[in-house]
Amino acid sequence: MEKIQFKAESKRLLELMINSIYSQKEVFLRELISNASDAMDKIYYKALTDDSLSFKKEDYYIKIIPNKEKRTLTIIDTGIGMTKGELENNLGTIAKSGSLAFKNETELKDGHDIIGQFGVGFYAAFMVADIVTVISKALGSDNAYRWESAGADGYTITPANKEDIGTEIILTIKENTEDETYDEYLDEHRLKEIIKKYSDFISFPIKMDVTVRTPKEGSNEEFDEYTEEKVINSMVPIWRKNKNELTTEDYEKFYTEKRYGFDKPLKTIHTSVDGTIRYHAILFIPEKTPFDYYSKEYEKGLELYSNGVLIMSKCSDLLPDYFSFVKGMVDSEDLSLNISREMLQQDRQLKLIAKNLNKKIKNELLSLLKNEREKYETFYQSFGRQLKYGVYSDFGMNKEVLQDLIMFYSSKEKKMVTLAEYVERMPEDQPFIYYGSGESYDRIEKLPQTELVHDKGYEVLYFTDEIDEFAIRMLRTYKEKEFKSISSSDLGFETENEQPSESEEKENKALFDYMKTTLSGKVKDVRASKRLKSHPVCFSTDGEVTIEMEKILNSMPDSQNIKADKVLELNVSHEVFQSLKNAFEHDQEKLTLYTKLLYNQALLIEGLPISDPVEFTNDICKVMV
Ligand SMILES: Nc1ncnc2c1ncn2[C@@H]1O[C@H](COP(=O)(O)OP(=O)(O)OP(=O)(O)O)[C@@H](O)[C@H]1O
């Protein structure tokens, strides 16, 4: 059976190539620089097996020349060049990659690697240029040729004059349109920025004449201006260097240059993996919280490089949300890129890297906690809340990963402690991990509910972050110990002497019922307290929602007016209770007044608003006169 070949409409294909592959026009320069770098690497590889060739690194460079008057941008390289046939084959055939063919023919060593593989990058030039002219002289050839094209209409190849081996690409930059300013591709600063962004670690120097301004002698306002050829890229990726060669200063310089933050990194993680997927990564844990960190504007992610060429500035898939504060980069030579180099063909590789990095970050944080406690506490001050959000979010899916990294303020130690440290020193008879919630450590310390747990000799964790109780609810237990709020109506231990006798409960039932009716709708119950010592009154809660949770839930925009089941607890040993009893017997109006006062006092202690402050102050006055 005759096999019929597919046909392609070249013009349409080229248009698609030019307009549909890349989301950003600026990447045309990355593509042309990568081609130039490939062309020079090819000489390097040839020289490895060809004795008649020598490769002196200093002879190889890329030069970028913008010319505003002529509206041209020229990219020169001293690479392997192209013969007439190669110009025709490589630039005249879409999706033909001379570089891929070269890579397949040559054994690649030394970390030098050829970037090109799809045979389309060159056409990105047409995103910004009306005419693209390529003048090239191939290694071992005496003749040079000029390839020229204005896009879809085809190209011409004519003989040209060129002294040296290599390639010169001249882009005639498009005129500005209403939506697009092409002028930026002729601007020295913008070009520098694009080169730094994508091609900073190309291993050959990328040179450009840049304007240097120095103050005129004896003047602060007048300047001398001259141009000087400078190398724009850093060339050597520090992540490929041996860790032993690098100092803290080197990493700090990299952190600043890459603009990961305005602070200094608190911790640097440099890792190279040579497994199923090879990659290098440098990760930083910043010292300070970025100003927008806890806002919607903050974007997590690591820079992703393929062979030293930037693919993504913020690859969010590399970091879980709970480690979103981590900055840095990953470079891998094994990524299967898609044709635009903006995405990966498969996320399996990325998932694998992310999983490894996640483990690495966790272990580094654990070792910081163990060996450099003070540093860990600084870190925790900045990003602890994010870890606690991590415990809470995704229905607690990551709580196991994070539970050993979170800390809370301890009533005993008067500093931040981990859950492991807390459980370690728990007395044998202590049934729960106790915590109290409030606006500040001081306020929790002074809560009447705290007193009893303290006196029992148990440590209390102080929760001052909104997320704390929610995170703990998600955690449910740590090392099989449950968490218990000090405001919970059942603390789980006997309070021997303070325990009101049953007869006392019974005896006062009528009084409690009266008070409960007075406070109907406001409290679930009125009871004799098992916990109060010096204070006359406090709240405890029945059920899942605590008072702190009520406060937080009600401060949210879509609040559903959730209420904690409050129990008004009375200290039957307190003198005030005697007054209540007297009032109950002789003056019920007075009892109503006292009940309202005590209820409002309990609200104040908890930091809850009093619904009618004027009535409250009037009530106090009534007692005073
Ligand atoms: N400056 C150059 N010097 C020598 N050869 C070049 C140069 N630029 C392009 N070529 C040749 O043209 C081919 C096509 O280039 P193009 O940029 O379209 O694709 P590529 O670099 O091979 O792949 P990719 O699309 O992945 O970048 C290259 O493979 C290379 O053989």
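In this predicted model, Glu 480 is exposed, since 6 other C-beta atoms lie within 10 Å, and a residue counts as exposed at 12 or fewer. Glu 480 is found in the loop that joins β18 to β19 (481-485). Its phi is near 65°, a positive value in a residue other than glycine. Most residues other than glycine have a negative phi.

A positive phi is also found at Arg 476, where the angle is about 60° although the residue is not a glycine. Arg 476 lies in the loop between α13 and β18 (477-478). Arg 476 counts as exposed because it has 10 C-beta neighbours inside 10 Å.

The chain as a whole is described next. Its secondary structure comes to 19 helices and 22 strands. The radius of gyration is 36 Å, whereas the globule rule gives 25 Å for 625 residues; the value is well over that of the rule, so the chain is more spread out than a compact globule. Taken along the principal axes, the box filled by the C-alpha atoms is roughly 120 × 80 × 50 Å. Of the 625 residues, 35% count as buried. Among contacts in the chain with a separation of 6 or more, 66% are made by residues 24 or more positions apart.

The chain is divided into four domains: domain 1 (8-231), domain 2 (238-378), domain 3 (406-493) and domain 4 (500-625). Between the C-alpha centres of domain 3 and domain 4 there is a distance of 24 Å. Contact between these two domains involves 16 residues of domain 3 and 18 residues of domain 4. On the side of domain 3 that touches domain 4, the elements giving two or more residues are α12 (448-455) and α13 (466-475). Of these, α12 gives the most, with 4 residues. By class, this side of domain 3 has 4 nonpolar, 7 polar and 5 charged residues.

A ligand is surrounded by 23 residues, of which the closest are Asn 90, Ser 97, Gly 98, Gly 116 and Gly 121. Two or more residues of the shell around the ligand come from each of α2 (27-49), α3 (84-92) and α4 (98-105). The largest share, 4 residues, is given by α2. The shell divides into 9 nonpolar, 12 polar and 2 charged residues.

Ala 281 was examined as a buried position. Ala 281 is found in strand β10, which covers residues 278-286. Ala 281 is buried because 24 other C-beta atoms lie within 10 Å, and the limit for a buried residue is 20 or more. When neighbours within four places in sequence are left aside, Ala 281 is in contact with Trp 239, Thr 271, Gly 328, Met 329, Val 330 and Leu 357. Ile 238 is 43 residues from Ala 281 in sequence, and the distance between their C-alpha atoms is 9.9 Å. Ala 281 is therefore buried, with 24 other C-beta atoms within 10 Å, whereas Arg 476 counts as exposed with 10 and Glu 480 is exposed with 6.

How values were computed: Residues numbered from 1 in each chain as written. Predicted model: local features only at pLDDT ≥ 70, side-chain atom pairs only at ≥ 80, totals over all residues. Rg over C-alpha atoms; globule rule 2.2 N^0.38 Å. Contact = placed C-beta atoms within 7 Å. Near = placed C-beta within 6 Å. Nonpolar A, V, L, I, M, F, W, Y, C, P; charged D, E, K, R; others polar. Domains from an automatic or database assignment.
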